[in-house]
Amino acid sequence: MFHRITLIGNVGRDPQMRYTPEGVAVTDFSVATKETISKTMPDGRQRSCPQGWQESYNGRNWELTIWWRVTCWRKMAETVNQYLTKGQQVFVEGTVSGDAADGKMNPRVWTGQDGVARASFEITAQTVKFLGSREAAAGAPVGEPPPEEIEEDTLPF
């Protein structure tokens, strides 16, 4: 089961590229997105902190950071690995997949090293755009900016 998703967030770790036994490039990276709500409700009352959220740096909002695992294939994988770096803002469009063994969209669930249960959905990128200034794309040779958009029409499945 697949669902389409569009994200804008910050890269959480440098991309990691590998090759399948058939020689197809695959790159994985994580993206953090942040949701923010005001501590003050429209009627002036203070909102209590929702479970799992934390106070913003300025103390006026509650924030929730969500992490996404993104996979790119073929030429897109090579380009993302070459130009995308930790902290860079990125736009990702693709399909979300989870464990659909029971016919429903379920996240992949595991237990972290700290013993806390965790869950994630996997995103197979079909479009990746590097956001911000071209100079922000670390590693790009001078006079040769990275492509701003990468699309993959054919996926390995």
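A search of the whole structure, which is a predicted model, returned zero aromatic pairs. Lys39 is placed over the face of Trp62, at 4.5 Å from the ring centre.

Charged side chains were examined next. The predicted model contains five salt bridges, among them the pair formed by Asp28 and Arg18, with a nitrogen-to-oxygen distance of 2.3 Å. This pair connects distant parts of the chain, since Asp28 belongs to strand 3 (residues 25-38) and Arg18 to strand 2 (residues 16-19), 10 residues apart. The relative accessibility of Asp28 is 17%, so this residue counts as buried. Arg18, in turn, counts as partly exposed because its relative accessibility is 43%.

When residues up to four places away in sequence are set aside, Asp28 touches Arg13, Pro15, Gln16, Arg18, Val70 and Thr71. With a relative accessible area of 17%, Asp28 falls under the 20% limit for a buried residue.

Another salt bridge is formed by Glu63 and Lys34, with the closest N and O atoms 3.6 Å apart. Glu63 is located in strand 5 (residues 61-73) and Lys34 in strand 3, and the pair links these distant parts of the chain across 29 residues. Glu63 is buried, at 13% relative accessibility, whereas Lys34 is exposed, with a relative accessible area of 53%. The value for Lys34 lies over the 50% limit, and the residue is therefore classed as exposed.

A further salt bridge joins the side chains of Glu122 and Arg69, at 3.0 Å from N to O. Because Glu122 lies in strand 9 (residues 122-130) and Arg69 in strand 5, this pair ties together parts of the chain that are 53 residues apart in sequence. The relative accessibility of Glu122 is 19%, and the residue counts as buried. Arg69 is partly exposed, at 37% relative accessibility.

A polar contact was also found in a loop. Asp43 is situated in the loop between strand 3 and strand 4 (54-55). The side chain of Asp43 is joined to that of Arg45 by a polar contact of 2.8 Å. The relative accessible area of Asp43 is 49%, so the residue is classed as partly exposed; this value falls between the limits of 20% and 50%.

Finally, cysteine residues were considered. The structure holds zero disulfides. Cys49 is partly exposed, with a relative accessibility of 33%. Cys72, by contrast, counts as buried, at 0% relative accessibility.

Note on methods. Residues are numbered from 1 along each chain as its sequence is written. This is a predicted model: local features need pLDDT of at least 70, side-chain atom pairs count only at pLDDT 80 or more; totals for chains, interfaces and linings use all residues. Side-chain values use heavy atoms; hydrogens and water are left out. A salt bridge is a side-chain nitrogen of Lys or Arg within 4 Å of a carboxyl oxygen of Asp or Glu. Helices (H or I, at least four residues) and strands (E, at least two) are DSSP runs, numbered from the N terminus. Buried means under 20% relative accessible area, exposed over 50%, partly exposed in between (1.4 Å probe, protein chains only). A polar contact is a pair of N or O atoms within 3.5 Å; within protein, one must be able to donate a hydrogen and the other to accept it, and residues adjacent in sequence count only if both atoms are side-chain atoms. Rings of Phe, Tyr and Trp (its six-membered ring) pair if their centres lie within 6.5 Å; planes under 30 degrees apart count as stacked, over 60 as edge-to-face and the rest as tilted. A charge sits over a ring if NZ of Lys or CZ of Arg is within 6 Å of the ring centre and within 35 degrees of the ring normal. A disulfide is a pair of cysteine sulfur atoms within 2.5 Å. Contact means heavy atoms within 4.5 Å.
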